[in-house]
Every structure is written in structure tokens, then in C-alpha cells.
Amino acid sequence: MAQPMTQDELKRAVAHAALREIPDGEIVGVGTGSTVNFFIDALATIRSRVRATVSSSERSTERLRALGFQVLDLNDVERVPVYVDGADEIEPGGAMIKGGGGALTREKIIAEVAERFVCIVDASKVVPLLGRFPLPVEVVPMARELVRRRLRAMGGEPRLREGYLTDNGNQILDVHGLQIEAPREFEYRINQIPGVVTVGLFAQRGADVALIGGADGVSTRTF
Ligand code: 5RP
């Protein structure tokens, strides 16, 4: 009997499937995380078709450069036709929780510029309702306790990601115990708290398409 695919095999499969989303001779936006690492490796097999990349983290930049990709400053780029990134959770409307890997701010910036957001996930990330995965919120350090109190008042249990600083020198609160029924509104409300740099809720700019790796292969969902 065939063995079920491991989570890494599912991630590798969706990462390879994402190659069909890459237009020739354009700039590719690259996210962060273990699924994206598989994507970067896959992208190296079509490197001559990629003009250059923009990257959402120091980690991804390092991996891209090691494989011979040019990594541009986003400020020097007019268009990003496609952005490929993973997610911690994705719901039926294409809204996501991201930032498990701590790169949420740069991810959100590139996602905003990108014309098409391709989300690559294994099937375990697909949920009916966001919130089981703790919601990351990047905060300016001096605002941490203010933001924590406000998030508690909104029904969550924020916990400091101990010993961790983002690429931007900020801290992360991981908010447990949420059931996010209206992701766009919730994203808006958290964005209003002074000191919040980025909330890892990607609802106002969600995915355009999700490639989902499951036991029966890679399926596609458009939003
Ligand atoms: C990093 C992210 C990642 O996309 C998310 O954490 C998923 O990571 P992985 O592919 O390792 O499961 O948002 O900030």
C-alpha cells in the first residue's frame, strides 16, 4: 500500500505547482517560510525565465541570492505581477493568517503591490474559520503593553513571542483564543491601535488563488 505523503512532500508539490503561475521575464515576489523555501528551490529550475525578485525577509533574500537570483529593493520596482507565499491558515473567502515565521510586515507590503497573490499551502492550513492558529501582531516595543490590553479587550489572549525581534526590530504578540468571523473588520480594528505595525490578518488584501496540496494532488481555489 502507498504511504500517505508527508507534510513536506505536500509542501514541495504545491511549491512546484506554483511555477505555472510565473509569467516569463517578470519580477517575482517571494514570501517566507518552509513552503516558500521549496518554492525558491523550484524557481531555480526556471531561473533564466525570471527577470528578478523582491523578497519579504532576510532569510528568503539569502536563499534567493545563494541560488543566483537578483533581489531588488521594492522601491526600485514599478510592478510585481505575481507574489507567491504560504499561510498559517486560509479560509473559504481567501483571507489568511500569516506571520508564523515573523515576516508579516514585509509580506503585507509586497502583497499590496502585487497584482496577483498566489497562496501555497498544504491541506492542513485550510480552515472554515480563522483563529485556531495564534494571530501574530507586530508591535513597536514601547507600545507592547498598550496593544496587549486592547487585544485582550477584543477577546484574545496575546502572548509575547519571547526572544524574538522582526527584521524591522519590532516585537510580536501572538494572539490566542480567537474565532475570527469577520476578518476584514477585525483587521481594520486592530490596525487602529497605536503601536501596531502590522496584523497578520490578510483579509483586505487576501489571496487571489490558493494552490492546496492534499492526498489527491494539488487543487486550485480562486477568490
Ligand atoms: C511567514 C509566513 C508563512 O507564510 C507562514 O508562517 C507559513 O509558513 P510555512 O510555509 O513554514 O508553514 O507567514 O511569516
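Student: Let's start with T61. Which helix does T61 lie in, and is T61 buried or exposed?

Tutor: In this predicted model, T61 belongs to helix α3, which spans residues 58–66. A residue is called buried when its relative accessible area is under 20%. T61 has a relative accessibility of 13%, so T61 counts as buried.

Student: Which residues is T61 in contact with, once its neighbours within four places in sequence are left aside?

Tutor: Those contacts are S55 and V71. With S55 there is also a polar contact between the two side chains, at 2.8 Å.

Student: Now a helix as a whole. How do I read the buried residues of helix α1?

Tutor: Start with the general idea: an α-helix has 3.6 residues a turn, so residues three or four places apart point the same way. Now the case here. Helix α1 covers residues 7–17, and its buried residues are L10, K11, V14, A15 and A17. They span an arc of only 160° around the axis, so they sit on the same side of α1.

Student: What do the buried residues of α1 pack against?

Tutor: Their partners are α2 (34–43) and the strands β6 (117–122), β12 (209–214) and β13 (217–222).

Student: Let's follow β12, then. Which residues of β12 are buried on each side?

Tutor: In a regular strand the side chains alternate between the two faces of the sheet. In β12, V209, L211 and G213 lie on one side, with A210, I212 and G214 on the other, and all are buried. Six of the six residues of β12 are buried, which means the strand is largely enclosed by the rest of the structure.

Student: How does β12 pair with β6 and with β13?

Tutor: With β6 the pairing is parallel, over five bridges, and C119 stands opposite A210. With β13 the pairing is antiparallel, over six bridges, and G213 has V218 as its bridge partner. A hairpin of two residues connects β12 to β13.

Student: There is also an open sheet of four strands. What is its strand order, and which strands stand at the edges?

Tutor: The order is β8-β9-β7-β10, with antiparallel pairing. At the edges stand β8 (157–160) and β10 (196–199); each has a single partner strand, so one side of each lacks a neighbour in the sheet. From one strand to the next, the twist averages 30°.

Student: How many bridges join β8 to β9, and which helices lie on these strands?

Tutor: Four bridges join β8 to β9 (residues 171–176), and E157 stands opposite H176. Helix α4 (residues 104–113) lies across β7 (135–139), β9 and β10, at about 70° to β10. Helix α5 (residues 144–153) packs on the sheet and touches β7, β8, β9 and β10, its direction making about 155° with that of β8.

Student: Finally, the ligand. Which residues come nearest?

Tutor: Of the 17 residues around the ligand, S34, T35, D88, G99 and K125 come nearest. For polar atoms, look at the oxygen atoms of the ligand: a polar side-chain atom of D88 lies 2.6 Å from one, and a polar side-chain atom of K98 lies 2.9 Å from one. In G102, a polar backbone atom is 3.4 Å from a ligand oxygen.

Technical notes: Residues numbered from 1 in each chain as written. Predicted model: local features only at pLDDT ≥ 70, side-chain atom pairs only at ≥ 80, totals over all residues. Heavy atoms only, no water. Buried < 20%, exposed > 50% of the residue type's maximum accessible area, 1.4 Å probe, protein only. Polar contact = N/O pair within 3.5 Å; in protein donor to acceptor, adjacent residues only side chain to side chain. Contact = heavy atoms within 4.5 Å. Pairing = 2+ DSSP bridges. Axes fitted to C-alpha atoms, helices over the stretch in contact; angles between N-to-C directions. Arc of directions from axis to C-beta. Near = heavy atom within 4 Å.
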